[in-house]
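Please look over the model below before reading on. My notes concern the chain contact, the cavities and the salt bridges.

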Amino acid sequence: MAARGHVQDPNDRRLRPIYDYLDNGNNKMAIQQADKLLKKHKDLHCAKVLKAIGLQRTGKQDEAFSLAQEVATLEPTDDNSLQALTILYREMHHPELVTKLYEAAVKKVPLSEEYHSHLFMAYARVGEYKKMQQAGMALYKIVPKNPYYFWSVMSLVMQAISAQDEKLAQTMFLPLAERMVEKMVKEEKIEAEAEVQLYFMILERLGKCVEALDVVRGPLGEKLTSELRSRENKCMMMYQRLQLWPECNALSYKLLLKNPDDWQFYLSYFDSLFHLMDKSWSQPEEGEHCVEGPVQTTVTEAVKFVVDRMEEQDKKESRPLRGPYLACLELIHRLRQRGCPDEKELGDPLELMVQFFGKFGDKPCCITDLKIYLHLLPPEQRSQFKKRLGELVPLGEAGEDGFGFPGDTKALQRHLCVCQLSRALGLQHALDTEGKLRLITELKAHYHHGLQFGKSCLKTELQFSDMYCLMAAHVYVDLWTETGDENMLWQCLGVLEEGLSFSPSNAQFKLLLLLLFCRLGAFQPVVDLYSSLDAKHVQHDTIGYLLTRYAGSLGQFAAASQSCNFSLRFFHSNQKDTSEYIIQAYKYGAFEKIPEFIAFRTRLNQSLHFAQVRTERMLLDLYTEADVLEESVKAMGVCPEEDDIPWDNMRDNRDLTVLVSWDPKDRELTEEHRRLSLEEESVWLKVRSLTLRLLASLALLGHAPSPRNSDKTNENGISAKSSTLQTLLSQLDQTLETAAQITEKQTQYPFLGPPSSRLASALSSGSCHCQASALQLSLTLRELETTGLDDSTELQTQICNAFKSSVAQLQEMLSRCKGEVLEMKDGRLTTRPSLLETLVFFVETVCVVLWVASYSASVLRPLKSSLQKKKKKKKDSSSAMPVVLCGFQEWTGSLQGVVTQALDHVKGQEASLTALKLAALTLEEGYSQTQEECGFTRAAMDKVQSSYLGSLQELGDLLRKRADSLKSLKI
Amino acid sequence: MTTLRAFTCDDLFKFNNIQAVLNFLLQYGIPFYLQYLAHWPEYFIVAEAPGGELMGYIMGKAEGSVAREEWHGHVTALSVAPEFRRLGLAAKLMEMLEEISERKGGFFVDLFVRVSNQVAVNMYKQLGYSVYRTVIEYYSASNGEPDEDAYDMRKALSSDTEKKSIVPIPHPVRPEDIE
């Protein structure tokens, strides 16, 4: 807000210092200066607003707000006040108030172009499309400039896009927008490219493709000049939608002649060709030629076209383009799909791929390119293919170990590519254990040998041979998953840690390490690894799952909270970020970008991961902080009736292929995997969000019992609350049923794909059912509260049984936690991370049961005291204590017992972990690890050990904290 | 084999498949990208491999006074992922940006590059760019590295028939002196 133009108005001069203070972040001085000014000039409203900005920025929101409202109610029309209020409202996250401000201003100054345009933008910020449409027209009437008119048109389009009812969009908003543009066309008033683009957008959305084509190809289309190939792209789009295959084919052909490397046009060229063939399309009679030029309709023509493109590249002196060679493989692939014998005319895929390797084998992208076409090789040719490629890799003489090494980085890249291809062909997977171990030795040798080429590499650069190291790690993982030999995993960690020491910025090393540590249940090292990845904004959504999936589940609650916060901070800034640029897009006429920006915002708001971190963060806060459930729930503002998760429109933005993989196709992540993973995560999220809402509901149920006389007024409220709890509980039951069905499928994802959700381990730990029955118990107690102690023997017995069964369930859960999480046996280190996960579920469940216990106490306490009063009156000391009261005392005693056992268990685990001397482990045993490698492996083992200890400590601390609440359960 | 197309917001979700530094392509904050998309969408082009991997992108803008013959295209960012280097992709993207600037009647295209980034400087020289001036401490210090000077490199477009815009300025300038 610094630039204020020329200082003419004396008020401007007076306000100047306040602006400066605010700009420099000196809010206190700004407030002082404003006060000083206000003493002299009471009516200088802007000074008040500026003071409010200062107050807002020093955390005095309420004061700032009321000061601002003082000015706002005066409906100011001076520019300074309006702009300052706009800034203030925006900072207060009340953009809707800006609209009120300018609505008042344009009423008072109806001819102000400036205020009308501010009003339009204010509406745009909050997405009031209808009002935008009107504001745009109002502006145009005052000042007939085209952009204003088209702002109004665009607002109609936005009404169409946002309309719930597609019919309304198609029959009302879009046709109206179309007519508005047509009017301008008829009057020959179209000026700018943006206006034509908007016209095209409207026609396209209306499905009027023919009309859209006419616009693009006609005189109006001549305005489409900014974007390269703008007209061609738009025509192509319409040809495809209209299935005008001759035009599509001819245009693709034309564009490929210009740029024989542009892949999208090969695809449209082949698509259209085969469509034409299927329709046995033939060239029309003279005079009716396709507007886009010659059409190709036979395989012979296509083959010749592709062969010509390749020859063109072969003859070139400069570097050849990959496009034509890959187009040749693509054509073979498509012909084969159609069972067309003509593919032979293009040559043998093996030879073609060998040639491609010859030309591009030294480029890192060679593997990405060829991987797509490996299926063209019959299985029996795979080894031969590898051999042929090997002949094209210049390696030095083999040494003692039988390995020859490349002499430069180009040769290295070629050799690496052969390794990658042979993995992608499944040749590595086909090896037996011995073969795989030898392969690892070879890869490691190449890795170490290649380090010499990167001695001068910067820290931010990769080592040329890094991918050997990564591949060795992949083979270790293969061995581990096949044989269950955990030594393979430890060595894998070692080799990756070593790789990272030479290449500290290699993201793939970090990602795989992160994944492996998580699988091992060691979250501590993961935090640093993730933060060293330096993930930026959207990446918190796309790869954040790697972190948050494991954070809470491994008992590192503090780190878990922090991890959720990373992501949450990003999601919350998204709303503000986007609306600013939607406005800019209007200003610059980038109409196509407006729906795109809104879709982007929606995509983030509906993100699965966003909903997950939101829910987990609150659950974590409850488990770790909520000594008194009611207070925490109130502070968090969780409303049990409210479900803010967009279940039907959930967007899975996770990048599930962020870890590089060269695995063969049959081991790769499939669409089905993606679907199942989303399904599983959604159900787990449902369990968690219902748990959260149930806890909130429990908290409200337990609201300090009201004095007797107001019972009646409160009755409705309370019964509504217990019915919410009932509804949520039955939803939880249903969800758990679905969950059981899903876990029965036992879906296995590729190792480098998505991790399984916590669903299966939650169910097998018994925590879900134990929590559900504890919450059910709270409802029964609520019933007792209304029935009272007399005439409720049955109910009391039922409650006592529930008390007992909850203890039994906890006992059983605890027994599932028994065992050593880390153990040294026969010189080997073995882990059982699932024990840790189960223990976390146990602790969470203890929290829930104790909250229910505390609610129980709050119900039973008044019942007991009124009973005692009665007894005193009757002086009757003979009658026995009601069953439920005895049962409760017994229950709290047993709960105390379970918690003590659990604490002993944790303590025992800590002790045996600490006693474990990893240094005593001999690592060399049978496998060829060098001294250094052993060092890295040991370091990884230490990290796991210390992380387990950390988890146990946090779990112990939490248990102790919760155990304290048992003391207050006396009734 | 590369598909060259307009950048869209959804591409932000695909910026991960990079082997070395995770956010290699994702250098800026979202507002920065959105600003360019809102103002100069035609100047924001991505290159995509057939498997859908993002190979690189170029982002630029048009600015400067027409009257003073300073109207020009500016390269704000040009990134090619390490695994897609040495394929001529950067040159292709630069060529596209130049063509867009040419159509807008720009007099030249300019860009800033770290003086230490010899690889980039040489590449731009090969593409016809020359050092117009040095900008002192244009890149502010980060990660313990000191401030660094930039070369302002230019290439004349056809509107500048006499190639006046690229006549080098002998004395270095300060960042605040450039528009």
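The numbered points below take these topics in turn.

1. Basis. This is a predicted model, in which local features need pLDDT of at least 70 and side-chain atom pairs count only at pLDDT 80 or more, while totals for chains, interfaces and linings use all residues. Residues are numbered from 1 along each chain as its sequence is written, chains are lettered from A in the order in which they are written, and side-chain values use heavy atoms, with hydrogens and water left out.

2. Extent of the interface. Chain A brings 57 residues to the contact and chain B brings 48 (contact: heavy atoms within 4.5 Å). Together the two chains bury about 4,700 Å², 63% of it on carbon and sulfur atoms; buried area is the accessible area (1.4 Å probe) lost when two parts are put together, summed over both.

3. A:R603 and B:D10 form a salt bridge, with their closest N and O atoms 2.7 Å apart.

4. The chain B side. Strand 1 (3-6), helix 1 (30-39) and helix 2 (89-103) of chain B each supply at least two residues of the side that touches chain A. Helix 1 of chain B gives the most, with 7 residues.

5. Cavities. How many cavities of 30 Å³ or more does a search of the whole structure find? The search finds 9, and the largest cavity holds about 220 Å³ of space. Its lining has 17 residues, with A:T548, A:R549, A:Q612, A:E616 and A:E681 nearest the centre. Helix 28 (545-551), helix 29 (557-588), helix 31 (608-625) and helix 33 (671-701) of chain A each give two or more residues to this lining. By class, the lining residues are 9 nonpolar, 3 polar and 5 charged.

6. Salt bridges overall. Over all chains the count is 64 salt bridges. One pair in a salt bridge is A:R16 and A:D20, at 3.2 Å from N to O. These two residues are separated by about one helical turn, because A:R16 and A:D20 are 4 residues apart in helix 1 (residues 10-23) of chain A.

Technical notes: Salt bridge = Lys/Arg side-chain N within 4 Å of Asp/Glu carboxyl O. 1 Å grid on protein atoms, 1.4 Å probe; cavity = no way out; pocket = protein on both sides within 12 Å on 5 of 7 lines; lining within 4 Å. Points joined across faces, edges and corners; volume = space filled by probe spheres on them. Nonpolar A, V, L, I, M, F, W, Y, C, P; charged D, E, K, R; others polar.
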